[in-house]
Amino acid sequence: MAKVFLTRKIPDIGIELLKNHHEVSIFSDKQNPNKQQLIKHAQNADAIVSLLSDEIDEEIINKCKNLKVIANYAVGYDNINLKAAQENNIVVTNTPGVLTEATADLTWTLLLATARRIVESDKFVRNLKFDGWGPELLLGRKTHGKTLGIIGFGRIGQAVAKRAQGFNMDILYNKRTPLDQAEESKFGVKFAKLDKLLKDSDFITINASLNDSTYHLIDKKEFEKMKDNAIVVNTGRGPIINENALVEALKQKEIFGAGLDVYEEEPKVHPELLELDNVILTPHTGSATTYARNEMAEMVAKDIIAVLEGNEPVNRVV
Ligand code: DGY
């Protein structure tokens, strides 16, 4: 029996599958291991199930001599040093597809909640400030017929676009390789260079993955290009936005507001964001539906079993 190490408990469906084939150990159901703990527990493992919050760097990979597969319990895999994995002939897998709709839903939840000031409104009522209907009480932004700019147009960005059609929006997108015309018509979207997208969009959603070209893609000068009433939503990765620049843009009311599911130094959140009313914050719960998390658990288990049996995993990254 091979040894499978999980840095954190995942839904039972995945654990049971793994236990039917291999010896399974789980670090904890409450916290992830730090680097030294990870090395200690994983150094004899044949497979690791990692979370997006586990940084699997070169040192860890080099010290885990038996490792054959790292199955990341996420679609994003910027937490894993892919080069080191390849050099050590370690397969890396992820969990695409099954979390697309959940993450697109949360993108839209944040977009609408920011536009209609839902958290402020909820606090207002709970604080017993609602003393009658007001013509100018808690006015928000119109979404219908407005322009949505989607940065990153993979599965999740495309699912965000589909939802925007119900709001009759003009949809711009930006990605490294533009779609062909037939695909653009299918989604009802138009490619825009980043500058144009920033200038023309009323709503900007970030659905890109984190890599060298997207790190701090949205910084001070990008906020300056946005409309005064723009709303920015990030369900991709925190470091795509320079959080200091975002705080300034929100404080100076250079934009209307922001909805964030991800942060530059997770789980830390910029202290000033916590003080602002024009930002809504969720704890990286883009894929947090029971359905998506169960599917992800099954996916990582099946891919580990495949690799350890010498077969090709379905969701191979490298
Ligand atoms: C992932 O799985 O990479 C996403 O961050 C889900 O929210």
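Is Thr147 buried or exposed? I opened the notebook with this residue and recorded that Thr147 counts as buried because its relative accessibility is 14%, under the 20% limit for that class. The model I consulted is predicted.

**Entry 1: Thr147**

I located Thr147 in strand S6, which covers residues 147-151. I then looked up its contacts, leaving aside residues up to four places away in sequence. Thr147 touches Asp170, Leu172, Asp200, Ser201, Asp202 and Phe203.

I next examined strand S3, residues 47-50. Ala47 and Val49 point one way from S3, while Ile48 and Ser50 point the other way. I noted that all of these residues are buried.

Which strands pair with S3? I found strand S1, residues 3-6, paired with S3 in the parallel sense over three bridges. Within this pairing, Phe5 has Ile48 of S3 as its bridge partner. I also found strand S4, residues 69-72, running parallel to S3 and joined to it by four bridges.

Are the residues on the two sides of S4 buried or exposed? I listed Val69 and Ala71 on one side and Ile70 and Asn72 on the other, and all are buried. Both faces of S4 are therefore covered, given that buried means under 20% relative accessible area.

Strand S5, residues 91-93, pairs with S4 in the parallel sense over three bridges. I noted that Ala71 stands opposite Thr93 in S5. Together, S4, helix H4 (residues 82-87) and S5 make a right-handed β-α-β unit.

**Entry 2: the second largest pocket**

I looked up the second largest pocket, whose volume is about 230 Å³. Its lining holds 16 residues, and the closest to its centre are Arg117, Glu120, Phe256, Asp277 and Asn278. Helix H5 (100-115), helix H6 (118-126) and strand S12 (279-281) are the elements that give two or more residues to this lining. Which element gives the largest share? I found that H6 does, with three residues. I also sorted the lining by class and recorded eight nonpolar, three polar and five charged residues.

**Entry 3: backbone details**

I checked the peptide bond between Glu266 and Pro267 and found it to be cis, with omega about 0 degrees. Pro267 is found in the loop between strand S11 (257-260) and S12.

I then turned to residues with positive phi. His216 has a phi of about 50 degrees, although it is not a glycine. I placed His216 in the loop between strand S9 (203-206) and helix H10 (220-225). Its relative accessibility is 18%, so His216 counts as buried.

Lys253 is also not a glycine, and its phi is positive at about 55 degrees. I placed Lys253 in the loop between helix H11 (243-251) and S11. Why does Lys253 count as exposed? Its relative accessible area is 58%, and I classed it as exposed because the limit for that class is over 50%.

**Entry 4: Gly166**

My last entry concerns Gly166, which I found in the loop between helix H7 (155-165) and strand S7 (170-174). With a relative accessible area of 67%, Gly166 is exposed. How far apart are the C-alpha atoms of Gly166 and Asp29? I recorded a separation of 40 Å between these atoms, the two residues being 137 residues apart along the chain.

Key: Residues are numbered from 1 along each chain as its sequence is written. This is a predicted model: local features need pLDDT of at least 70, side-chain atom pairs count only at pLDDT 80 or more; totals for chains, interfaces and linings use all residues. Side-chain values use heavy atoms; hydrogens and water are left out. On a 1 Å grid over the protein atoms alone, a cavity is a set of points where a 1.4 Å probe fits but cannot get out, and a pocket is an open set with protein on both sides within 12 Å along at least five of seven lines; lining residues have an atom within 4 Å of a point. Grid points are joined across faces, edges and corners, and a volume is the space filled by probe spheres set on the points. Ala, Val, Leu, Ile, Met, Phe, Trp, Tyr, Cys and Pro count as nonpolar, Asp, Glu, Lys and Arg as charged, and the others, Gly among them, as polar. Buried means under 20% relative accessible area, exposed over 50%, partly exposed in between (1.4 Å probe, protein chains only). Contact means heavy atoms within 4.5 Å. Two strands pair if DSSP finds at least two bridges between them. A crossover is right-handed if, with the strands pointing away from the viewer, the path from the first strand over the helix to the second runs clockwise.
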